[in-house]
Amino acid sequence: NLASAFLGAKYQVPAMLARGGGSLIFTSSFVGYTAGLPGMAAYAASKAGQIGLVKALAAEYGPKGIRVNAVLPGGTDTPASLTHAPDATPEVQAFVEGIHALKRMALPEEIARSVLHLAPSRDPLAKGGLIPLTIRTPTMKGAVVLINANTTWAAYNHWGGTSLYSGKTGYADRGYAASLDRPIDFGAGTGDLIANERPLVMLAEELGLSLGYATNSDMQADPHLLDGATAVISLGHDEYYSQAMRDILVKARDSGTNIAFLGANAIYRQIRFEPTPLGSERLVINYKDGSLDPIMATNPKANTGSWRSPPFSRPESDLTGVYYQCNPVKAPMVVADASSWLLAGTGLKVGDKLAGLVGSEYDQVTPSAPTPRPIEVLFHSPVTCKGDAQFSDVAYYTTSSGAGVFASGTSSWVCG
């Protein structure tokens, strides 16, 4: 696997340089990128080596006109696959399918389409980066739904020279619109996926949970997306929400679906969507200062400041239970209520500290803000941010529908 890839590149690269460029596409495997499988140490090592080779070649030869990428398929349904062996059993079939998010093997033509996307010279952006792809689960009934926060990725994405936070000179000439059609210029091309989402995805897969996958855009597009879901998980950084996105979470909670916010600063910025040539809801609009938003004159409730800002203040805390406070901080998480069923079996005691779990952003249960009641504070951790002494809180509340809502109150819950 690795020797043939190296030798192939050794002889192809000079030829491509001589003709002014080209495209190298390696077939690696998800086994070389995520957790390995028993009995596959050599295979996993060789495929991981391929990924390292691809990154090094892309960095060296991308500026010289050679695009270098890899596809990382899982099990692929071909006559040579394990499931087609003469002695294959239904148990083998179930095991092989079960290790994949879609609970099935890939088809060769699906892998081929990915390769064709990367190969053409008309796609100059495909140069050694990763491309996040969320395949929405067809039905969320009975599933624990993991939400990829693609609207937040877009907000921080500075590809092309502008994000919702800065322009060429800084904050003053920041953008007010962020296209979902752009490549992503941070997180190796994946936004927050690798640091703030992938660790939890891997854990959920290893636990064998019945999972569903969706993005913020899916929440915007389909008001019935979460119907029948067992739980919805907002991952490490899920900040930018439209009214429709917020409504679908409230509807899910009030229908008995559990929700966990495993970050801080969730549902803080209000957005709306506008069209691009590629779709009707591909442009994320947020002015941060609602008074700058032209829609204020005609529909002030839809202004894209923060959800807590006037004239229609609707803080995130009435759904999450916690209220965003400040950043940056780094502090231990301190146990406040060890009797909660959520901490059963952990051995934690009141006053115990979990090092480094608070920060850099944090939330607090704030009674002066709209807050569901009663609410449990499981961890109550002192912090000092920009000279102010406050607390970071981990909170949990239940509703009359039977749903429970958990909020970690820290952006380090997944990545810390």
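Guide: A disulfide is counted where a pair of cysteine sulfur atoms lies within 2.5 Å. This is a predicted model, and a search of the whole structure finds one disulfide.

Visitor: Which cysteines form the disulfide, and how far apart are their sulfur atoms?
Guide: The bond joins cysteine 326 and cysteine 385, whose sulfur atoms are 2.1 Å apart. The pair links distant parts of the chain, 59 residues apart, with cysteine 326 in strand β12 (residues 323-326) and cysteine 385 in strand β16 (residues 376-385). The torsion about the S-S bond is about -70 degrees, so the disulfide is left-handed.

Visitor: Is cysteine 326 buried or exposed? And cysteine 385, buried or exposed?
Guide: Cysteine 326 is buried, at a relative accessible area of 11%, and cysteine 385 is buried as well, with 2% relative accessibility.

Visitor: Switching to α8, how many residues does it have?
Guide: Helix α8 has 12 residues (243-254), and from its first C-alpha to its last it reaches 16 Å, close to the 16 Å expected at 1.5 Å a residue.

Visitor: Which residues in α8 are buried?
Guide: The buried residues in α8 are Met245, Arg246, Ile248, Leu249, Ala252 and Arg253. Because they cover an arc of only 160 degrees around the axis, they sit on the same side of α8.

Visitor: What follows α8?
Guide: Glycine 256 follows α8, and its phi is positive, near 100 degrees.

Conventions. Residues numbered from 1 in each chain as written. Predicted model: local features only at pLDDT ≥ 70, side-chain atom pairs only at ≥ 80, totals over all residues. Heavy atoms only, no water. Helix = DSSP H or I, 4+ residues; strand = E, 2+ residues; numbered from the N terminus. Buried < 20%, exposed > 50% of the residue type's maximum accessible area, 1.4 Å probe, protein only. Expected span 1.5 Å × (residues − 1). Arc of directions from axis to C-beta.
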